[in-house]
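Colleague: Could you take me through one part of this structure closely? I would like to hear about the nonpolar core and its surroundings.

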Amino acid sequence: MPDDIRSDEKYENVDLSPPVSDEVKTTTCYMCACRCGIKVHLKDGAIRYIEGNKEHPVNKGVLCAKGSAGIMQHHSPAKLAQPLRRVGPRGSGEFEPISWDEALATATQWLSEVRYTDPRKLAFFTGRDQSQSLTGFWATQFGTPNHAAHGGFCSVNMAAAGIYTIGGSFWEFGEPDWEHTRYFLMFGVAEDHDSNPIKAGLGKLKTAGKAKFVSVNPVRTGYSAIADEWVGIRPGTDGLFVMALIHELLRTGQVDLEYLARYTNAHWLVRHAPGTADHGLFVRGRGGLPLAYDRKTGQLLDAGRTDIDPAMRGRFSLHESAPGDGGDNAEAVPAFELMLERYLDPRYSPDAVAARTGIEADTIRRIAAELAHAAFEQEITLDQPWTDWAGRRHETMTGRPVSMHAMRGISAHSNGFQTCRAIHLLQMLLGSIDCPGGFRYKPPFPRPAPPGPKPGGKAHQVKAGSPMGGPPLGFVTGPDDLLVDEAGTALRIDKAYSWDAPVAAHGLMHTVIRNAWAGDPYPIEVLFMFMANMSWNSSMNTSETIEMLTDTDPQTGEYRIPKIIYSDAYQSEMVAYADLILPDTTYLERWDCISLLDRPISDADGPADAIRQPVVAPDRDVRPFQDVLIDLGVRLGLPAFCDEDGNPRYPGGYPDYLANHERAPGIGPLSGWRGEEQDSHGRGKPNPDQLARYIENGCFWKGEFTPEQRYYKHANRAYLDHAEQMGWIASADQIVLQLYSEPMQRFKLAGQGFGSVLPPVRYRDRIAECFDPLPVWYAPFEDDHTDPAAFPIHALTQRPMAMYHSWGSQNAWLRQIHGWNKLYMNRKAGEGHGLADGDKVRIESPYGSVNAVVALMEGCNPDTVWTWNAIGKRRGAWNLSKDAPESNKGFLLNHLITDLLPPRDGYRFANADPITGQAAWFDLRVRVVKDDDAVLGDGNRKALPRVPGVGRAKRQSRYGAQFLPKGSWRRKRGGRGA
Amino acid sequence: MTGLPENAAAKKLGLVIDLDICVGCHACAVNCKEWNDGGHSAPLTDEEPYGPDPLGVWFNRIHTYEAGDGPDGRTVHFPRSCLHCEEPACVTVCPTGASYKRAADGIVLVNADTCIGCKLCSWACPYGAREYDYADGVMKKCTLCIDRIENRNLPAEDRVPACVSTCPASARHFGDLGDPQSDVSRLVAERGGYALMPEMELKPVNRYLPPRAPADAPASTATAPAAPPVTDETTARAPAGGTGSRFLDWVDRTLSR
């Protein structure tokens, strides 16, 4: 090895081994929701370099553009510096600095008044929240049902459809078996969810060269760009496409019937007694267990028995062993037969759906045949013995190597829940759920479909001055679980778990401002939000949302939403609309926890959780939001946060809580290194040194399943026992996949007028039509009320990979990559409209108009336009200059998206999926009009001023110069010119 | 003008970039910027970073374009950085010797202390690989992470360029393209890796691996009914415990749970 300083001929002495850093600290990235492990190199106390942690289970050493731009995020000039109180009118951005004592006293007074009168008058919604096990718990302790994070406008359709169908879901609760899959079908994933694991998986898949990757997406960018086949589907029609694939598999008999009989409810008998209250529900025996028709004995027997030969079709007469409505005319029909009837119907044939989906019938037939080939003719056998739920030993594991993934493109439509359920049905028919080569669950999933608990917030559970008798978010199984009063009116401010959105597993953050403004179902007093840009890119109908935030009651002169508390680390657009600002730290200055209690980072081979530790100290008067929340909990006297004398239970704040809080005996926020011996994982007594153990291990904990536990987790004795022991599931029973969803049928029956809890009349048709125990396809709601001739084009958004799910599109480096957004359009279609690259256009919907510059491209569905989301910014926000392209050339499509559907019987539903309440962003239809005079940018809206403590942004950044050797002339500010 | 090394070693360090799996995520570009901002060529100055026209120094930029028309076309993500040419015009035009090619490994570097910022090199380079730092008044460029690849302060596995280390899809490879037995040379041979614009006769060292032909999955050969079934047959009621239509006989096979 030569010397460090090596003379290279006559030219230069290059130091080949400069010291990189004085210290390396591990923590968890927060530049998006991927939550990769990072190593932060520190030199002279400053952040020199952030890289991926090779040991970390999520990213295994790689790091994306956002993660690498973390330095600039930490040094953003938009960072808030101190607590603020509004002094000008709301929206003016005029604030005065106040002390933390004053800020917390104000917040405590506002919140306390509400808590001791009517706790529902606090709406507490957290946006890009990664600590929901704390925030949800805090809301429960406070006593308000009005809590959720941002899942309702992100991807609750995907999550809920999965959880109700297979007891897991894509992304956080499951992943493709990248190693073994031979056919990978991806729906509507833009550049997002997952971030690094999908990139790594696709790289592996394609490099191995043994699989085909098909991307179903109206736009050919990002992941779709490297697909072996791109299917440029029309937005909102994925459900039809999937049902046509199902039609083909059924028509050709290419279905894994054995898998269905063992692992799903396909053989369960459904009561056929139209016009009765039990029609469509499972036929249950006297013990309440579902029944099947046993062809060996000719009897109706417990469907869970392993000694039966269940009929998959037929009609069977009922008798007294199966009590229920329907009398002598009732029959019992296997769920699978109902499925045959549904999807063999010619309306789901490839020929019937071709025109609507924009996919040729032959293509659909070919893809169905390819799926079948991969599943059944490329079957995998792993020489791995395992024991099933019934205790039977199997010598091998069979794999159907077809995997699928879906995300927001499926989710953000008003038919997204049913479409996502259809995808899971397709997986079940192929026998590819949690088998080698298929979709694999990530622990703590699978859980029963659906799992507990039920959402709290019924009238008797909400009491002044008391914690609520249940968590605000949960899973309903029928109308009895809804949070509605006797008249059917919603009990939550966002109308989650009401007839508006019965299965609203993530709440409806996107309806809160509208409903609070309208006092529908009731007015609130305090709106408390964290990291949620509701006055900009996190709301549909942004312009009107801004008006609602600033609107006053003419009688009193008071704001209709009286008090708004907001916590953010940066001066986002939302700051100007709050009355009290609680400034948060950056992600490199805080403790945090990625918990198995809410949104874990497990992979299919074992559970994982993680922490953030502060790697640098804040240089401003800011506090981590979670610490503030715990502090407020003490001040408000919430029993989980202080004792009866008012002393804090966690005097050390959030890190103290992370190590010492127990949600149930032995179960806390973190699973690793529990117990007195610090050697228990999962359950164990709190360990006061737990965080130190995490730090020693790179700030994460990862468990490893035994080879026997890795597949068929829903029916694998070794896995189920382990999951029960870890506290992930209440009992180690088999988790039966719900091909036929009885909760959906219960709601359908209510829509048809059966049952004790009935929807008000105006809801009935909608409930009866959209709820169905087997997935149905209906057109996106926008199609019902927007004239397709006048607005012929579908409009979508996606986040670029370098910014997806990031709070940092103002980042000095990332904004050089995506500084303004254009309207992308299919070239032929654009030319047909007389448009050329660079033309200025108006994009018009029935609800508004924005201006843009057009860019034409080949890889776009002809009836679709799209743009990068959240690049367009409000002028003056994020401490960008007033002439920044983000606010002078870019645009925000949200202005064109209505938050309410047109009136129906005098009532306006949210622009959302009728089942889950998922915001239907992608239902939007527009027209594009050439307009040479169009003025680009954020129009005439007044520029937001910098708030106190946010200084003028640098006009030049030479961040890294400080790391040069002391004598270097390049260390000078301004370089040679200085 | 600057001469090329007279006794150059056979070693030719360079990058091999797999266009088949590059998803255009910009991870390599930003991690490169992050490393090099505080590295050998520090800083990579950003002018107006929060202003109307932010303009920074980047050693690696990603371009996205489309090849071919309609659905049969392809979206290509193309990372562009210095190719460390064997006969780099940027070196031979340099009037001060600031731009030079290392004899030991072929890496093309700029000595910031002797660069006079005349920009001749950027005119000479047909690949647009050079980046002028207005504040420092010197030309900067990809160093192949000269301060990483032999850095004894880093663990051995981290001694690769930052872009290679961070790439989520593993689309970037680093090694000695002068050694036909090296992993990167084998990869190039196996995948038909190519040089950019060889007609310029600068002999770039870096190679790009072309997109593979799309995988063409076989379709099932299972016997499917020749024509779509007759509707009323498929929806016909099977008698209790009976066999139903022949078309759906497969549903009735004996099952075990």
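Modeller: Happy to! This is a predicted model, in which local features need pLDDT of at least 70, side-chain atom pairs count only at pLDDT 80 or more, and totals for chains, interfaces and linings use all residues. Residues are numbered from 1 along each chain as its sequence is written, while chains are lettered from A and ligands numbered from 1 in the order in which they are written.

The largest nonpolar core has 376 residues; such a core is a set of buried Ala, Val, Leu, Ile, Met, Phe, Trp, Tyr and Cys residues joined through C-beta atoms within 7 Å. Buried means that 20 or more other C-beta atoms, placed from the backbone, lie within 10 Å of a residue's own. Among the members touching the most others are A:Phe241, A:Leu245 and A:Leu371. Helix α9 (residues 238-251) of chain A gives the most to this core, nine residues; helices are DSSP runs of H or I, at least four residues, numbered from the N terminus. The core also draws at least three residues from each of domain 1 (84-156 + 450-585) and domain 2 (782-930) of chain A, with bounds from an automatic or database domain assignment.

Leaving out residues up to four places away in sequence, A:Leu245 touches A:Ile364, A:Ile367, A:Ala368, A:Leu371 and A:Leu426, a contact being C-beta atoms, placed from the backbone, within 7 Å.

As for the two domains, 27 residues of domain 1 of chain A are in contact with 25 residues of domain 2 of chain A, and their C-alpha centres are 27 Å apart.

Terms used
A residue is buried if 20 or more other C-beta atoms lie within 10 Å of its own, exposed if 12 or fewer, and partly exposed in between; C-beta atoms are placed from the backbone. Helices (H or I, at least four residues) and strands (E, at least two) are DSSP runs, numbered from the N terminus.
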